[in-house]
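Please examine the sequence and structure shown below before reading on.

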Amino acid sequence: LPLVLQGLARLRAATLAVDDISFDDLKARVEPLLPQGGPWAGLARELLGTKKLAANDYQAAGEYFDGIITDDAAPPSVKQRATMFLALVKSSTPKAN
């Protein structure tokens, strides 16, 4: 298979398993897809960010969503979702007194 299709298969398999595996296992599965500018980097970061968001780890989730927004190669639709997720993260993060 061409590399781009191998990446898609890796991302799809991780997406199907996301609810049944730990964050560390998920990250290990999508790690090869994460370099900025890669065709699946935005979607892989989104998957990791939503996993952290579900675990109430807002700081880590925000870092993944920021990574999408700053990636010039991320598709506009993925950037738009990342912007919405980032707004959710910011509204859910406890404020310091």
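## Terms and basis

Axes are lines fitted to C-alpha atoms, taken for helices over the stretch in contact, and angles between N-to-C directions run from 0 to 180 degrees. Helices are DSSP runs of H or I with at least four residues, numbered from the N terminus.

The model is predicted: local features need pLDDT of at least 70, side-chain atom pairs count only at pLDDT 80 or more, and totals for chains, interfaces and linings use all residues. Residues are numbered from 1 along each chain as its sequence is written, and side-chain values use heavy atoms, with hydrogens and water left out.

## Helices α3 and α4

The axes of α3 and helix α4 (residues 58-69) cross at roughly 165 degrees and come within 8 Å. This makes α3 roughly antiparallel to α4 (an angle over 145 degrees). Residues in contact (heavy atoms within 4.5 Å) include Leu48 and Leu53 of α3 and Tyr64 and Phe65 of α4.

## Helix α1

Helix α1 (residues 3-17) has 15 residues and reaches 21 Å from its first C-alpha to its last. Its buried residues are Gly7, Leu11, Ala14 and Ala17 (buried means under 20% relative accessible area, with a 1.4 Å probe and protein chains only). They cover an arc of only 130 degrees around the axis, which puts them on the same side of α1; the arc is that of the directions from the helix axis to the C-beta atoms. Their cover includes α2 (23-30) and α3 (41-54).

## Residue Ala28

Ala28 lies in helix α2. Ala28 is partly exposed, with a relative accessible area of 49% (partly exposed runs between under 20% for buried and over 50% for exposed).

Conventions
Helices (H or I, at least four residues) and strands (E, at least two) are DSSP runs, numbered from the N terminus. The expected span of a helix is 1.5 Å times one less than its number of residues. Angles under 35 degrees count as roughly parallel, over 145 as roughly antiparallel, 65 to 115 as roughly perpendicular and the rest as oblique.
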